[in-house]
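Q: Could we go through this model together? I would like to start with the overall picture and then turn to single residues.

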Amino acid sequence: VYANDEALEFFTRAIESYEKLRHDLTADRVSGPRRPPGAGSLKKNLSGTELKRKRKYLEALLYRGNIFTGTGEVEKAEDDLKRGLVLAEELADRKPLIDYLLQLSHLCLIVGDVVKVHEYSSRALMLSRRAGEKMCHAESLNNLGYVNYVQGNYSRGLSNFKQALKLQRRLNYIEGIAKSLNNLGVLYFNRGNLKKSLELSNESVEICEKTGNLLGKANGLNNIGYIHFSLGNYHEALNYFKESLVLEKSIGNKRGYAITLKNIGEINFSLEEKEEAVTNYKEALAIFNEIGDNESRVICKYYLGRAYIALEKFTDARNFLNTAKFLAEKLKFEGVFGIIYNALAELNLTCYTVRNDRRKLTEASRIINKAIDFSKKHKSQETFAETCVLAGRIYSALGKDPIKYFKKSINIFKALGILFELGKAYYYYSIVLKRIGNKKASEINMRKAEVTLNEINRVEWLKKKVN
């Protein structure tokens, strides 16, 4: 549907013909005081033919809204879906009403309005339970799981996704199963369980390949690529991203295409190709701005900020990170607060290192304390480990004891199998140990860094640091 221009033309002609045939079919003509379901609803005052026409009109608006959602034309999608929602409420037809609530929820997911996602999905959940619409019930649970995930409530999100998957397996709802597996894979990834995440994402892709679900396959390939990226398998990750990019382009999924570009930018950044990373991030950000995807805008601004730190363009870095933080706070995207705090702490630490500005070190210390508190509260193991490495570096510069933070980070990265971050933790620990005069322990950890990074063909990162 997303890439089918003929389908869009067909639905538009259908909508226009219905509106021309009966002017009172438009939502504007039925948008007075809303009638409760049951007695007095609009459909009781319509002939069978008129009711059938209105239902066809509703169907056409829903499908066209779905197409506009997929192509990133948010305002057009919102207009169709809200008009359809008003009419569905007037007709008091539960199934179309649930469908509209779920599609509006999906649209709000894209633009990052988690409050509206929760509102629409909660209504859909309640109505689907009453109507016995079990597939819609599962879809509502999936959407609510996503709300909990982006707000940092991982345990509740996990419960929602598992309930949805259990119901979909019982119904043998194949497309829904693939989506829930993909969502669970993302959540397990963010909890640091990369093995489980890879297992679920692979299962999702296999289902999508069998059913011809190109959108689901592209999403799954992107997730698998990102898992390999996190494990330091950059060239394998890039192959998955490139395959996903081709699929996203073929189906016209602008959002997915931009996400994949952003992911390729992350590989560029990790391979020290900083300017290429900025180019890909900016291209992705332009698409996110165009389609109104606020969550992805936050993430992309964070990555641009991080890239500009590495390029020592501190004003640009601060601008992007502060706008990312402001937008995340405004939209209550609590799940990304930890990484943004870390980046702001890194920015101030780097400013101190380059410019010897002691005030920046004090600011870095203040921010890293917030990051530690946040990571403990939200139980994100990978983010907490990254925070500990930064805390160790900052406290060392302040003359405080950093040892416990490095040990915590090393133990977590070992347990998670995130070798690149583990190698970096060994390196920074070695530098701190050398600074405090523990030469033997410093050499041991430097050797561990070399062995670990060599295992994933990233020893060049260490050579550049040492040189």
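Q: What share of the 467 residues of the protein chain counts as buried?

A: Of the 467 residues in the protein chain, 56% count as buried, where buried means under 20% relative accessible area, exposed over 50%, and partly exposed in between, with a 1.4 Å probe and protein chains only. This is a predicted model, in which local features need pLDDT of at least 70 and side-chain atom pairs count only at pLDDT 80 or more, while totals for chains, interfaces and linings use all residues. Residues are numbered from 1 along each chain as its sequence is written, and side-chain values use heavy atoms, with hydrogens and water left out.

Q: How many helices and strands does the protein chain have?

A: The secondary structure comes to 22 helices and zero strands, taking helices (H or I, at least four residues) and strands (E, at least two) as DSSP runs numbered from the N terminus.

Q: And how compact is the protein chain?

A: Its radius of gyration is 25 Å, close to the 23 Å that the globule rule gives for 467 residues, so the protein chain is as compact as a globular protein of that length. The radius is taken over C-alpha atoms, and the globule rule is 2.2 Å times the number of residues to the power 0.38. Along its principal axes the C-alpha trace spans about 90 × 45 × 35 Å.

Q: What percentage of the contacts with a separation of 6 or more is between residues 24 or more positions apart?

A: Such pairs account for 60% of those contacts in the protein chain, a contact being heavy atoms within 4.5 Å.

Q: Which residues have the most contacts inside the largest nonpolar core?

A: They are Tyr100, Tyr281, Val298, Val336, Ile340 and Ile368, in a core of 131 residues. A nonpolar core here is a set of buried Ala, Val, Leu, Ile, Met, Phe, Trp, Tyr and Cys residues joined through side-chain atoms within 4.5 Å. Helix α16 (residues 337-355) gives the largest share of this core, eleven residues. Apart from this core lies another one, of twelve residues, among them Leu158, Leu165, Leu181 and Tyr188.

Q: What does isoleucine 368 touch?

A: Leaving out residues up to four places away in sequence, isoleucine 368 touches Asn342, Ala345, Thr387, Leu390, Ala391, Ile394 and Tyr395.

Q: Back to leucine 181: where is it found?

A: Leucine 181 is in helix α8 (residues 174-190), and it is buried, with a relative accessible area of 0%. Not counting residues up to four places away in sequence, leucine 181 touches Leu165, Arg169, Leu200, Glu203, Ser204 and Ile207. Its C-alpha atom is separated by 9.3 Å from that of glycine 220, 39 residues apart along the chain.

Q: Is leucine 101 buried or exposed?

A: Leucine 101 counts as buried, at 0% relative accessibility; this residue is found in helix α4. With residues up to four places away in sequence set aside, leucine 101 touches Leu85, Tyr120, Arg123, Ala124 and Leu127, whereas the C-alpha atoms of leucine 101 and isoleucine 412, 311 residues apart along the chain, are separated by 41 Å.

Q: What about histidine 137, which residues does it touch?

A: Histidine 137 touches Leu125, Ser128, Arg129 and Leu167, again not counting residues up to four places away in sequence. Histidine 137 is in helix α6 (residues 134-150) and is buried, with a relative accessible area of 17%.

Q: Changing topic to the backbone, what is the phi of alanine 92?

A: Alanine 92 has a positive phi of about 60° although it is not a glycine. Most residues other than glycine have a negative phi. Alanine 92 lies in the loop between α3 (74-91) and α4 (94-111) and is buried, with a relative accessible area of 16%.

Q: And where is the place of glutamate 312?

A: Glutamate 312 is in the loop between α14 (294-310) and α15 (314-331), and its phi is near 60°, a positive value in a residue other than glycine. Glutamate 312 is partly exposed, with a relative accessible area of 46%.
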